[in-house]
Amino acid sequence: QVQLVESGGGLVQPGESLTLSCVASRSIFTINVMGWYRQAPGKQRELVAASTSGGSTNYADSVKGRFTISRDNVKNTVYLQMNSLKPEDTAVYYCNAKIFGVLGQYDYWGQGTQVTVSS
């Protein structure tokens with residue numbers, strides 16, 4: 001089991017930056033993949049960025065070069081640094097943890113944090 005608590009959302013203007021944080025209730029060394037997803041109104045939830053315990057990262061094409069995912073293993077926290085924000089980045093952002101067990105994959109979600117990009 002793992003609980004995830006996101007913070008850092010808000011209202012920003014196009015071109016500005018925002019950093020989201022996700023604190024896990026257990027050591028993120030034990031979590032195979034930590035990621036950020038987002039869901040805009042009327043759209044499906046989509047992967048934004050992910051980071052594996054082995055150090056690999058991947059990003060949605062729409063955010064490559066603008067967003068950066070990082071881990072702080074001491075604070076059990078994953079960050080999403082978002083630069084050059086666009087109105088189309090507006091969504092609820094969710095933190096996700098994937099743990100691979102012998103019986104399969106376990107997914108855990110945070111409560112979400114709203115990001116609104118508007119002038």
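Tyr94 is buried, at a relative accessible area of 15% (buried means under 20% relative accessible area, exposed over 50% and partly exposed in between, with a 1.4 Å probe and protein chains only). Tyr37 also counts as buried, at 15% relative accessibility, while Trp109 counts as partly exposed at 35%.

A word on the source: this is a predicted model, where local features need pLDDT of at least 70, side-chain atom pairs count only at pLDDT 80 or more, and totals for chains, interfaces and linings use all residues. Residues are numbered from 1 along each chain as its sequence is written, and side-chain values use heavy atoms, with hydrogens and water left out.

Now to the rings. The structure holds two aromatic pairs; rings of Phe, Tyr and Trp (its six-membered ring) pair if their centres lie within 6.5 Å, and planes under 30 degrees apart count as stacked, over 60 as edge-to-face and the rest as tilted.

| Pair | Centre to centre | Angle between planes | Type |
|---|---|---|---|
| Tyr37 and Trp109 | 5.0 Å | 70 degrees | edge-to-face |
| Tyr94 and Trp109 | 6.5 Å | 85 degrees | edge-to-face |

Tyr94 is in strand β9 (residues 91-101) and Trp109 in strand β10, so their pair ties together parts 15 residues apart in sequence. Strands here are DSSP runs (E, at least two residues), numbered from the N terminus. Ring pairs link Tyr37, Tyr94 and Trp109 into a cluster.

Notes:
Helix = DSSP H or I, 4+ residues; strand = E, 2+ residues; numbered from the N terminus.
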